[in-house]
Amino acid sequence: MDSSTSEQSPSTEKGTALLRSTLLSPGYLRLLLLCALIGIPVALACFLFLTAEHELQHLVWEKLPEELGYDRAPWWWALPTLLLAGLILAPIITRMRGHGGHVPVHGLGGAPIGPLDLPSVVLAALAALPLGVVLGPEAPLMAIGGGLALLAVRGMKQQAGQGPVAAKAPMLLATAGSTAAISSIFGGPITAATLVVESAGLGGAAPVMLLLPCLIASATGALVFTGFGDWTGLSIGALHLPKVPPDMTPDAGDFLWGVPVAALIGVAVAYLRGLGYLVERWLGERTAFRIVLCALGAGVLLTLYALLTDRSPEEAALSGQSALGALAADPHNWSVVALLLLFLCKGLAWSLCLGSLRGGPIFPAILLGGAIGIACSGLPGLGATPGLALGMAAASAVVTGLPLSASVLTVLLLGNDAHNQMPLIVIAVVVALVAAQLVPARDQQAVLPNAP
């Protein structure tokens with residue numbers, strides 16, 4: 001055996017020794033305990049937030065139409081709701097501290113926000129997302145988790161002591177809080193921790209030091225979150241697929257069609273996100289007025305979808321969590337034309353919201369990719385389950401720029417059907433990210449937001 005493979009290099013030995021000493025240091029162990037504890041209040045706060053958001057959404061899109069004598073939201077429903085969302089968000093974004101959070105076209109956000117900025121984020125999310133804004137709750141959740149974790153920084157400084165752990169503890173604690181929060185909507189700690197650590201772009205021993213606080217905080221939070229949900233019986237609308245098309249092992253036809261379909265989705269989602277950057281730049285002047293115009297424009301697109309398909313505008317509005325579950329449970333309930341119109345109308349509304357409103361960018365993109373994948377499943381040799389899998393994987397990879405996180409998220413969404421789809425999922429992720437580079441240079445920031 002070559003000595004180069006049997007012996008560690010000096011730099012590797014040094015890194016291993018550093019990692020061992022860090023993980024066993026009293027300061028780091030106390031930090032892990034604090035992260036486990038911080039997961040509890042974060043989980044409770046996220047439960048209350050998601051429950052409120054879900055109940056308000058149910059009120060706006062189901063109860064109110066029923067009270068007015070409609071079986072479902074009428075075709076024009078998105079016009080007043082999105083206009084109201086714009087009117088509410090405009091002063092929050094332009095006048096309140098924190099501006100309602102970061103602009104969603106930039107991804108899930110950068111550094112955790114401070115506790116004083118948190119009220120505007122919560123207010124913007126609860127006031128606008130239930131009204132039909134085409135964004136998800138993941139970014140506000142991360143802000144809540146990070147903001148609450150930063151409240152514990154003083155206690156952390158006293159517990160972590162001195163040294164390198166104490167210096168990095170605020171960042172680790174805030175990141176752990178964000179991970180605990182986002183695990184509540186992504187169905188568990190694995191996807192959330194993978195997403196946060198992969199987005200950090202770290203190497204060497206650093207991912208392990210970051211991953212352990214994230215895992216323990218999100219696992220503790222998930223236990224509390226799940227238990228509290230079972231105890232109260234309240235629904236929080238987490239992203240999951242209660243039913244998926246019948247499982248089938250992808251064959252040669254699925255892979256032959258899967259490559260061009262994944263490339264198509266990658267380019268299309270990249271262009272849509274690029275439009276979001278154009279919208280953001282357009283808001284440089286008369287910001288409040290143009291925010292209202294963007295919200296109303298999104299409402300017009302949702303109304304157009306309802307008119308052209310004779311379906312509920314709710315399918316194209318909101319984050320897409322419910323629509324994705326319905327699409328996976330009964331993909332044949334949508335015609336190909338309806339799926340293409342869903343992608344076009346919801347996609348353009350998503351672009352407007354990405355650059356002007358507040359929320360998370362990932363959930364709508366997953367629905368858009370799934371819609372195109374199911375629409376293409378009518379091609380000879382491409383099944384519904386492979387189409388759904390590659391569509392969700394390709395879209396989430398492009399919107400996050402995180403191939404591993406996109407793969408893990410898609411696998412967990414598919415549940416028992418994921419095993420046979422894994423090779424196709426990975427291929428779709430790689431092809432979509434490569435194909436997304438075909439967009440013009442002005443949109444490159446939209447394709448790989450985490451690239452240096």
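The legends below describe an overview and several close-up views of a predicted model.

**Figure 1. Overview of the helical protein.** The predicted model contains 19 helices and zero strands. Of the 452 residues of the protein, 55% count as buried, and the accessible surface comes to about 18,600 Å², of which 67% belongs to carbon and sulfur atoms. Among contacts between residues at least 6 apart in sequence, 80% join residues that are at least 24 apart.

**Figure 2. A nonpolar patch that includes leucine 44.** On the surface, Leu33, Leu37, Ile40 and Leu44 form a nonpolar patch, and together these residues have about 320 Å² of accessible area. Leucine 44 is placed in helix α3, which covers residues 26-67. Its relative accessible area is 31%, so leucine 44 is partly exposed.

**Figure 3. Glutamate 53, a buried charged residue in helix α3.** Glutamate 53 is found in helix α3, where it is buried yet has no salt bridge. The nearest side chain of opposite charge belongs to lysine 346, and it is 11 Å away, whereas a salt bridge requires the nitrogen and the carboxyl oxygen to be within 4 Å. Leaving aside residues up to four places away in sequence, glutamate 53 touches Leu126, Leu129 and Pro130.

Figure 4. A polar atom of the threonine 81 side chain lies 3.3 Å from the backbone oxygen of alanine 78. When residues up to four places away in sequence are not counted, threonine 81 touches Val60, Trp61 and Leu131.

Figure 5. Leucine 348 is located in helix α14, residues 336-356, and is partly exposed, with a relative accessible area of 29%. Although leucine 348 and glycine 276 are 72 residues apart in sequence, their C-alpha atoms are 9.0 Å apart in space. With residues up to four places away in sequence not counted, leucine 348 touches Leu272, Leu275, Leu301 and Phe343.

**Figure 6. The salt bridge between arginine 72 and aspartate 310**. Side chains of opposite charge can pair when their charged atoms come close, and the count for this protein comes to three salt bridges. In one of them, the side chains of arginine 72 and aspartate 310 meet at 3.8 Å, N to O. This pair links distant parts of the chain, 238 residues apart, with arginine 72 in the loop between α3 and α4 and aspartate 310 in the loop between α12 (287-309) and α13 (321-329). Arginine 72 is partly exposed, with a relative accessible area of 41%, whereas aspartate 310 counts as exposed at 60% relative accessibility.

**Figure 7. The salt bridge between arginine 97 and aspartate 117**. The side chains of arginine 97 and aspartate 117 meet at 2.8 Å, N to O. Both residues belong to the loop between α4 and α5 (118-128), where they are 20 residues apart. Arginine 97 counts as exposed, at 55% relative accessibility, while aspartate 117 is buried, with a relative accessible area of 18%.

**Figure 8. The salt bridge between arginine 311 and glutamate 315**. Here the side chains of arginine 311 and glutamate 315 meet at 2.8 Å, N to O. Arginine 311 counts as buried because its relative accessibility is 15%, and glutamate 315 also counts as buried, at 16% relative accessibility.

Methods:
Residues numbered from 1 in each chain as written. Predicted model: local features only at pLDDT ≥ 70, side-chain atom pairs only at ≥ 80, totals over all residues. Heavy atoms only, no water. Patch = residues over 30% accessible without salt bridge, like charges linked within 9 Å, V, L, I, M, F, W, Y side chains within 5 Å. Areas by Shrake-Rupley, 256 points an atom, 1.4 Å probe, with all protein chains shown as cover. Helix = DSSP H or I, 4+ residues; strand = E, 2+ residues; numbered from the N terminus. Buried < 20%, exposed > 50% of the residue type's maximum accessible area, 1.4 Å probe, protein only. Polar contact = N/O pair within 3.5 Å; in protein donor to acceptor, adjacent residues only side chain to side chain. Contact = heavy atoms within 4.5 Å. Lys, Arg positive; Asp, Glu negative; His and termini not counted.
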